[in-house]
Amino acid sequence: MDKIDHLRREIAKRESELADLKSQLAVAESEHRTQDESKAWRWPLQDHEYQRYGRQMVVPSFGLQAQLRLKNSRVLVVGAGGLGCPAAAYLAGAGVGVLGLVDADEVEVSNLHRQVAHSTGRVGMSKVLSAITYLRELNPTITYKSHREHLSPHNAQAIVSQYDLVLDCTDHPTSRYLVSDACILLRRPLVSASAFQTSGQLIVLNSPPGKGPCYRCVFPRPPPPESVVGCGEGGVLGPVVGVMGVLQALEAIKLIARGGLEAAEGEEGAGEQRVLIFSAMGDGPSFRSVRMRGRRKDCFACSAEADLTLEHLETSVDYVQFCGVAKPVAVLRPEERITVKQYCEIRAAHSEHTLLDVREKEHFSLGSIPGAINVPISRFNRGDEMPELTAAAGKDGPIYVVCRVGNDSQVAARKLKDLGFDNGGERFVGDISGGIQAWRGAVDPTLPFL
Ligand SMILES: [Zn+2]
């Protein structure tokens with residue numbers, strides 16, 4: 001294992017060095033091209049550009065004008081993940097002038113099913129560098145800028161102000177409000193998308209700048225922190241997030257091509273604003289588009305009364321506090337919980353008991369503790385009939401509830417007590433602290449890691 005880790009780290013290090021070299025080469029090549037371009041040439045684009053972009057330039061209503069606008073545009077992609085990878089790939093391919101990427105994370109194996117600009121060989125490398133390595137292979141003739149940091153109130157102005165258009169490819173409410181506020185203050189249009197499990201949504205915000213609604217107009221209040229489940233835990237299908245990222249690139253290209261980056265002058269304002277909703281597995285149509293209200297009169301960020309300023313954003317807007325932090329679940333008292341070690345001893349002593357695993361069946365089916373009965377927490381929450389529980393009620397011995405990390409299990413154990421499964425306190429009903437993750441760490445490392 002040590003040897004494998006060592007080799008992986010070595011490869012990641014050399015990949016980073018290689019990425020640096022390629023970046024230097026690209027800069028040198030670009031300087032060379034600029035010298036070439038200064039020689040007498042009577043067409044607005046260079047020969048290599050007609051070759052590369054010809055297939056899109058001949059599309060009716062696109063043309064040379066749109067290509068020149070793309071070449072002069074500077075686009076920022078915030079987040080080099082499931083949305084950012086396909087979005088950046090199509091923007092690079094289409095020939096935007098400057099493409100910037102912001103992300104502080106490193107590539108992980110679990111990213112690869114959807115984050116198509118990364119690769120197995122680049123696991124452990126900065127996502128921004130990994131994506132730029134891929135993008136340079138795709139199109140070495142444009143300028144890439146790497147921002148290997150999370151967008152924060154402190155760097156938002158410095159980064160966003162270098163670009164004309166922003167794509168929000170992040171996956172957390174704190175980033176979404178921050179990106180939107182920065183775009184309002186710096187008058188940049190924003191193409192925002194999200195994807196989760198089998199659905200996604202797409203909105204073009206602050207377009208034209210100074211007119212269209214912002215993220216706060218559409219979502220004035222953040223979702224409750226307990227309800228924010230990332231793709232890491234809730235899952236997402238690769239093509240679903242891919243579709244949304246590709247649509248972001250398309251909206252960006254449309255905006256640039258029709259000259260929509262400029263701030264609106266006078267009365268003519270935003271046309272009809274719509275949210276596009278994609279549902280891969282539903283019974284209805286896969287795509288629906290819903291009309292959206294314009295700007296909110298009382299919007300914190302973009303209304304006439306809003307007193308949000310760049311200085312205010314940097315010094316006194318606390319996005320983490322605004323979005324809230326999920327509190328650790330403490331539904332059970334300490335004496336109602338057992339540790340994985342205690343549960344291990346109970347199993348070793350063969351004492352009669354019921355083990356209830358309340359993870360969703362998709363998680364359960366990938367690996368569980370032998371003998372566990374699966375009753376997903378969603379069925380508890382819906383108040384479904386649970387015949388498996390009635391069977392367990394007829395047996396003797398305590399009931400131990402387990403989930404992924406030890407939150408849902410507390411909620412389920414509390415419900416079981418409320419339903420009378422503890423026989424008025426005579427039978428122990430409690431949960432296993434730390435859940436399957438703790439069990440995997442302390443007892444059975446062969447359980448699949450999720
Ligand atoms: Zn607003």
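**Backbone features and a zinc site in a predicted model**

R187 sits in the loop that runs between α7 (173-186) and β5 (190-196). The model described here is a predicted one. Although R187 is not a glycine, its phi is positive, at about 55°.

S61 is not a glycine either, yet it has a positive phi of about 75°. The loop that holds S61 lies between α2 (47-57) and α3 (63-71). Here the relative accessible area is 82%, and S61 is exposed.

A further backbone feature concerns a peptide bond. S207 and P208 are joined by a cis peptide bond, for which omega is about -5°. P208 has its place in the loop between β6 and α8.

Which residues hold the zinc ion? The zinc ion is coordinated by the SG atoms of C214, C217, C299 and C302, at 2.2 to 2.3 Å. Along the chain, these donors follow the spacing C-x2-C-x81-C-x2-C. C214 lies in the loop between β6 (199-205) and α8 (215-218), while C302 lies in the loop between β8 (287-292) and α11 (310-316), so the pair ties together parts of the chain that are 88 residues apart in sequence. Both of these cysteines are shielded by the protein: C214 is buried, with a relative accessible area of 1%, and C302 is buried as well, with a value of 10%.

What is the geometry of the zinc site? The angles among the four donor atoms run from 93 to 120°, and the site is tetrahedral. For comparison, the ideal angle for four tetrahedral donors is 109.5 degrees.

Another cysteine, C85, belongs to helix α4 (residues 84-94). Is C85 buried or exposed? Its relative accessibility is 2%, and C85 therefore counts as buried. Apart from its neighbours within four places in sequence, C85 is in contact with A80, Q115, V116, A117 and H118. Between C85 and R347 there are 262 residues of sequence separation, and their C-alpha atoms are 46 Å apart in space.

G324 and L135 are 189 residues apart in sequence, and the distance between their C-alpha atoms is 36 Å.

These local features belong to a protein with 18 helices and 13 strands. Its C-alpha atoms fill a box of roughly 90 × 60 × 45 Å along the principal axes. Of its 450 residues, 44% count as buried. Among contacts between residues at least 6 apart in sequence, 67% join residues at least 24 apart.

The surface and the charges complete the picture. The protein exposes about 23,200 Å², and carbon and sulfur atoms supply 53% of that area. There are 51 positive and 54 negative side chains, and the centres of these two sets lie 4 Å apart.

Note on methods:
Residues numbered from 1 in each chain as written. Predicted model: local features only at pLDDT ≥ 70, side-chain atom pairs only at ≥ 80, totals over all residues. Heavy atoms only, no water. Helix = DSSP H or I, 4+ residues; strand = E, 2+ residues; numbered from the N terminus. Buried < 20%, exposed > 50% of the residue type's maximum accessible area, 1.4 Å probe, protein only. Contact = heavy atoms within 4.5 Å. Areas by Shrake-Rupley, 256 points an atom, 1.4 Å probe, with all protein chains shown as cover. Lys, Arg positive; Asp, Glu negative; His and termini not counted. Charge placed at Lys NZ, Arg CZ, Asp CG, Glu CD. Donors = N, O, S within 2.8 Å, 3.2 Å for Na, K, Ca; no water. Tetrahedral: all angles 85-135°; square planar, octahedral: opposite > 155°, others 65-115°.
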